[in-house]
Structure formats: C-alpha cells, structure tokens
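Here is a short briefing on a structure with more than one part to look at. Take a moment with the sequence and the view before reading on.

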Amino acid sequence: MGNLGELEQIVLMAVLRLGADAYGVPVHADIERRTGRELSIAAIYKTLERLREKGFLTARVGDPTPVRGGRAKRQYTITSTGRQALKASIRTIRRMAHGLDVGLEPS
Amino acid sequence: MTSVMTFPPRVLVKLATRLMRDDMCDAVVGDLVERFPDREREHGALRAKVWFASEIVRGILQFPRSPRLATSRGDGLVQGFLDDLRRGARLMRRAPMQAFLCTLTLGVGIGAATAIFSIADPMILRPLPYASPDKLFMVWETDGGMRSNTGFATFQDVLNRSTSVERIAVAGSWQPTLFGEGSPTQVTGLRVSWSYFRTLGVSPALGRDFAPEEDAQARNGVVVLSDALWRTRFGGDSALVGKTIDVAGRQMIVAGVMPAGYDDVLEPRARIWRVLGYDQTLSFACRSCRHLRMVARPKPGVTPAAMSQELSALSAQLQAEHPQDYARAGFQLVGMQEEVTRSIRPVINAVMVAVLLLLVIAAVNVGGIQLARALRRDGEFAMRAALGAGAGRLTRQLVAEGLVQAIAGGVVGVIVAKLSLASILHALPDTLPRLAAVHLDLRALAVAAALTLAGGFALGLLPAWHARTLSLMSSVRSARVAARPHRLRSVLVTSEVALAVALLAAAGLLTKSVREVLSVPPGFAESDVATAQLQVSGPRFANGTEILAWQDRVLDAARAVPGVTSVAVASQLPLGGNFDAFGIQAEDKPLDNPQLAPSADRYTVSADFFRTMRVPLIDGRAFESGDNRTGAAPVAVVSASLAQRIWHTTHVVGKRIQLGEPTRPWYSIVGVAGDMHHRGLDVAETMQVYIPTHTFFFTDNQVDLVVRTSGDPSRVLPALRSAVSATDPTVVVTRLSPMSEVVRASTAQRRLSLTLFGAFAVFALFLAGAGIFGALAASVAERRREIGLRSALGATPRGLAWMVLRQSILMTAIGGAAGIACAVASGRLIGGMLYNVRPGDPVTLAIVAAVLGAAMVIASVLPAVRAMRVHPAEVLAE
C-alpha cells in the first residue's frame, strides 16, 4: 500500500467531507473553494479512479438528474483502508511540521 | 436555462460517447453539463464553451474507450501517443513565447498559401465550367499582328464557309437599363448570336435557350437572365419565363434563366443576354464594324492547327473578295482558357512564387524553433535513450508534439486564410473572370499545412535521430556547458533573411513602379475635376436630337451646381476603360485601302472640354460654343501625334479629315491639342480626334460628364447627382467620382500586385525577424554559463551585448546580400510588372537594406539586454 500523493490527499479529504454526495462537481467545488486550485473534471476523476483502484474508495452509479441531461452520477465513498491511509498521511505531515515556523497561523 | 437546452453541442457529446470508457462517460459529461450554467454566468458563453470542449478532450484523453489502451499505463501505442499529445500541449504552455511564434508562423504561411491557391485554382488552374473547355477557342481577326474584334459580315462568312467549325458564335457588349418595378437600373449584358450558349455547351436552368429563328432583326426581342438578376430583381419567380419585361424601353420576352453557377467568362459581370438579331442591311453589321467577339468549337477530330489553317485560307479569300475592308488580314486562334486568364496569369504566377517562398520561410522557422527546442532537450533525450526508450519512441514523441503545434497552426491558418481571401477579393476588379467561383479551398489548406509541417518537422526530427547516437554523459554534460554555436540554426535563419529580402525587394520595386506610373503626366489635369457616367434610354431617345437636347439640359444643370466653374460632356474619358477608336483619313493624303488609316480615339465633346480637362492647345483654337450647334460647320481638333503621323507636322489647321467610312462628312481642323494617355498611364500616349457632339454623325446615349470645381471635387458630388438626375426620369448615373479616382482606378491591377507582394514582404520580414530573435534568444539561453563566466572574468556589459549583436549582424549581412543577389537575378520574374525601374534599382535596394537593418536591431535588442543582465554569481552557483 503506497503513500498518498498530494492530489490524492486533497481529493480523499474532499470525499470524506462530502459524505454521501461525493462526485466530480462537488469535489471540484470543494477543492477550488478551499485551495483556490482549478483542476479539470477529468483530472479529478483520474485521481478518484486511481484511489478506487488502490482500494481507498468505492464507486457506485447514482441517480440521473435533469440538470445533468439525464446522465447518471458516479458517487464515491471512502473505505476504511482509505480512512487509515489518510490518517497516516496527515499524521506524517503534522509530525514533520511540528515546531516549524513557516509563517502559518496555528489552525 | 435556455443554455442547457442549446448545450451541450451534440458533436462533442457524441465524440465523448464514442471514445470514452462507458463507465466514466456519463460521470464526466454529466458533471460538465451540470457545471456549465455556472461557468457561463461567471465567464461568459464563449469561454464557457471553450472550457467545455477542452474538458471533453481531457476526459477522452484520460479515459479512452479501447480496452487495450485502458489496461496499459503508457505502453499501448495509442495511449502512448495520447500521452505524447498531452506532453506536447504541456510543452507549449511551458514555453508560451515559442509556441506563440510557432503557431503564428504556421498560421501565416498556411493561411496565405491557402488564400492565394483558392484564388488561383478557379481562375487559372481549373478548366472553365463549360462542356469540353479545352475545345473552345476565341477567334480574333488580326491585322498585321494587331488583333481585333470581328464584324458581323465576316462572322457570317466563317459560319457559312468553314468546314472545320462545329459551332461558332459572336457576342457584343450591351448595357441596357431595366425599367418596370423599382428604379431604373443599368445592368451589364451581352448581345449574342443564337448559338452562343450552345457553343459554350451550357443551357438555361429554367425555360429555354434562344431559337435560331429569333436571331433576326424583326424577332429579336428575347432575353435570357442570369440567376442573380432573376432572384434580385424578379424575386426568383419561375412564372417570369415566357412573360415580357421592360428592357431599355422595349418589351422583351424572357426565354430562360441561366443556372446559378453559370459564369460568363467573356463578360464576368453579365446579368442578361439578348439575341443578336443582326442582318447585313444594318449599317453596324459591316465587315469593318469590328465590335463582336467570336467563339468557336472545332468539329470532333479537327485539331486546332487544322482549324487555324483553314481560317487562314479563308481570310486570304475574304481579303481578295473585299480589298477595301481588310488590310493585312488573318485570324488568330486562342484557347479560351488561355484567353480569359491572360491578364491575371502573370500576377498570379509571381504571387504563387511569393507564396511558395513564404511557405519555405514558415517551414524553416518552424524547423528552427523545433530544432532549438530539441537541442535544449538533448539531455532529456539522451537520458530517456539510456533508460531504454527506442528511437521510435522518441521520434513518436516529436511527431506528437508537432501534431499539437499543427492543430494550433491550422486553426490560425484558417482565420488568416479567411481574412486575407476576403480582403483580396475586395481589392480585385469585378471584371476578372471566374471571380464568383473563388472560395476557401480546404484541400489547399490541408496541403499547405502538410507541406509546412513536413518541412518543419523533418528539421525538428534531425536531433531525435541524432539523440539516438548520443552517449548519456557527454550529452548531459554538453547540455549544461553548451557553448557550441548551432550552425544549422544560423544557416536556417540566414536563408530566411535572404528570402525575406527577396520579397521585400520585389515589393519595393513594385511600389516604385506604381509611383512612377502615377507620376506620368496624363495629358490633362485631373485635380479639381469631378466626373459621372450618364445614360438615358427608352423610345423617346430613339433619335439623336432628343439626346442632344438632354445633354444640353445636363450641361445647364451641372453648371448651376455651386462650386462648379466649367462643364463638358464627352463620349469617353481618358483612362476610363473605353476604347472607341476610328480610322482617320486625310483629304490631301488619300489611301487606297481605308483599313490602313491610322486609328484615333474618338472623342465627341461639348465646347468646354479642353478648358474643363485642361488639355493644352498646341496650335489653333479650342471649340467655341458656335461650333457645337446643329448645322454648324463641321470642325475637328486633332492631337499632336495624329497630326505628326499623317502630315509629319503639327501645323495642320485648315486640313480636312474624315472618320471611318468614306461616305462620312469632312471635318476641318481648327486646333491641335496635346496627346492624352487614353489606354493607361503605363501605355504610350495614343492619338485623339475631337468632334463637337452636335456635328458628329451619330449620338451616344451614354456620356461622361466632367466638371471643374473651385474646391475639393468630392464635395460637389451629391449636388451634381441630384442636378443631373432631375434632367430626365430615365437617367442612370454611374461612376460618380473625382477624376483622380478614375486615374487611380486605371492602375488597379498594378496596385493589386503591389498589395499582395507588400503583404507577403511584411509577413516574410516578420518571420525573419522572429527567426533572428529566436536564434539569438536560444543562443543566449544556451550560453548563460559562458556569459556568466566571461562577466566574472571582467567582460563589460557592452562587450557581452556586442557578442550577441555580432551573431545577428553576421546572419543579417550574409542573408541580406544573398537576398539582394536573388532579387536582382530573379528580376525577370516580376520584370513584366515593373515600370520605369530596373530590378537592380540601387535606391530601392538601399531602402530594403535599411528596413532589414532596422528589423535586425529590433529583433536583437531583447536578447542582447538579456546577455548584459546575466549575473555571474547566479550562473556559477547553478
């Protein structure tokens, strides 16, 4: 089980926060709102699919809605291994950042 | 919400459905559709659409359908290629300046070549749109080498006696005014013998062709309309066929309507055709009334040579039978295709060469940019080769990168082609044949794009091939310490400069030619003169008296316009494009054969013509108002060269001359005027004869009005139009403009070639400048370490700048010299378009050199400054 890349961490956190309604559009919006990063939808799905292949996410076909022109959503849910991998990643960052002054206010 | 209804575009969605993995397609496309309204609100419709399209492309690239592609992570052939494409796009983003130059270069080259080819193809390359166009010939009468139109009687003889001709027809010009609904409109047409369309091998789309029995004096009230005229004036009403319309005051039957694509190359502006209906009793149907153009098609199996031979024999026969009507008679057979492209072919040929040069420059530039990029990536390639990438893999990557560049260049090319095609078409005179068939030729676009790319990327691929043989260490080291000047690149840029200089020189010579032509004294003073072409028609003007009375009303009305100081009418204008000439016979120098008489431009004018146009009188007097009265003693003014030609002196006042037929009246010469340039400023002055309108033996229902004004002539134009329009309800006013416009218009073809060459020269100079800039910038970037070292060792900024400039000067000087040599050597190519200037004109070449120098300096400034700013500490620390 490999380590998470930065983009993978970000996407995984967004999925976790969004809960049941995690698919491309809200994931994209969450990332953009919090980081100011504008990713392409395709790049987000690429990451989501990679996380799914690694077993950190599961995907299911959701309901088609009219605003999507009747196309089904592809919704993702975090798995327990996913949750653990994310925890491990965040812990690593916290430990490494501990005591460093990089000009950030304490969160 | 309407945006959701009109969006997404079906093509893109279909593309995604076809190419994307099923499980991802709905997810991605659905998300995009869901996001679209927000994007549109935030960024506007256009940018939202661009976003949508690019997102779809990304989706396809990330999740391609083919299982072979999906399972392989970069190893599958197509997947790998898609990766390469993506990498190509990334590279473009990483080096935007380079990508921009490359795209623009490709775009300009492809666009210009496409536009020119789109024009050249229908005009000179594609066969005429008639049945077996290669079997269609124009038949000209010749008189000792000079070719001329033919008379009706001659046409009849060829028709009746020739055995080699399958079909033959004649056409004469005809400019009727249409009455009926709407305002009277003058249209251009042709008066044709009944077999005209059959000879060309075309037939009406609606109704019928002319019938043989209609080609007779009593039954000739039949016309055929063009599709355009039928649609615009008659609303495309198919019930019009068989009905009558009012043509020049006469009711004529509409027999048929030609197809929309029919293009009359004899008169590209023709909108209406009338059956000729001559017979030999008509005074203008004689042998020497040469105003008809003859078209013929030989019988199957008869070669042009055989037909030509038969016609020669026939002309000898005719001359023996009618010695008074022919001088040194003969017939000349010219392929119709060749005939209609005669005037435009040299220009298009030269321009095609220019386009080719531009394409070469574009290819060289793209190649240079690719080469520089590849050289800088020597290290990358060597590294990847060492890690096991085959030469094929590296080549594929370069090709993919090229493809990304090509798509961008192609898009710019389409835009450039569209814009330049539109502006060139706007500049072309509408008398050119086949203009209507010109359209943006996509095949040409594809070919131009392919050629440019093939050339450019062949150069770009060189280093990939080279990289295969690199050893990792030496290459990585040399990429860092690169100090070797890239000779290939310098050679490319130098040749670019040479090509640009050759084009610049051509443009310079053409500019000088136009100036020289416009500085030729025309023989009259065009400043402060306004002019208009006026025509009246209808049964009321059947006899000359009515027309003359109307002309007098026109003169009075124009004279009353404020700001007008002097007015006159004339049957034609110098440089106006009318070539009406008569044979002149002198009473004291009789000729056995009147056909040998010198021919002079016939000007029937009102009394004040000389004063209004400021044509100088060399001897005798100008006309007085007493001369221009019905029943006045017949007098004439001749131009100096006509007097010289007949009597070898200009003291000819009192001598008597006759115009045309021996039965015409004699006119006493009262004055000798200076010669005018009638046919063109670049054609030698021709001879003129002037007769007062009231004493000439026929009256034109179309006249040119000229007025001299006390200020800017364009200011009187509106008042002039309303004044002359009020003289008769049927009057049609055309070509209302200052006389200087008429003079300028006579140089239209010259200015066209100048415009084209000028545009090419500007493009080429831009491309060469970009090439110099690119080469210097790359060299400074590659030599950063060296420059830093030198700077640390005490080189001054000035010295460093000089190091860069020296390289630039070297390329410019060698390229410039080669280009000028090229221009002088290829002078023959554009020699025919030059006037009063030699291909080696030193002033022009000096200006070209100065322009080139300035461009070189501009292109070198930034790289030189960059070299001066290299900080030794920074570089050495790297």
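A residue is buried if 20 or more other C-beta atoms lie within 10 Å of its own, exposed if 12 or fewer, and partly exposed in between, with C-beta atoms placed from the backbone. By that count, 31% of the 107 residues of chain A are buried. This is a predicted model, where local features need pLDDT of at least 70, side-chain atom pairs count only at pLDDT 80 or more, and totals for chains, interfaces and linings use all residues. Residues are numbered from 1 along each chain as its sequence is written, while chains are lettered from A and ligands numbered from 1 in the order in which they are written.

**Chain A**
- Chain A has four helices and two strands. Helices (H or I, at least four residues) and strands (E, at least two) are DSSP runs, numbered from the N terminus.
- From the N terminus on, the order is α-α-α-β-β-α.

**Where chain A touches chain B**
- Chain A gives 15 residues to the contact, and chain B gives 15 residues. Two residues are in contact if their C-beta atoms, placed from the backbone, lie within 7 Å.
- On the chain A side, α2 (24–35), α3 (41–53) and β2 (71–78) each supply at least two residues.

**Two helices of chain B**
- Helix α18 (residues 487–518) of chain B packs against helix α28 (residues 842–868) of chain B at an angle of about 135 degrees, with their axes 9 Å apart. Axes are lines fitted to C-alpha atoms, for helices over the stretch in contact, and angles run from 0 to 180 degrees between N-to-C directions.
- Among the residues in this contact are B:Leu504 of α18(B) and B:Val848 of α28(B).
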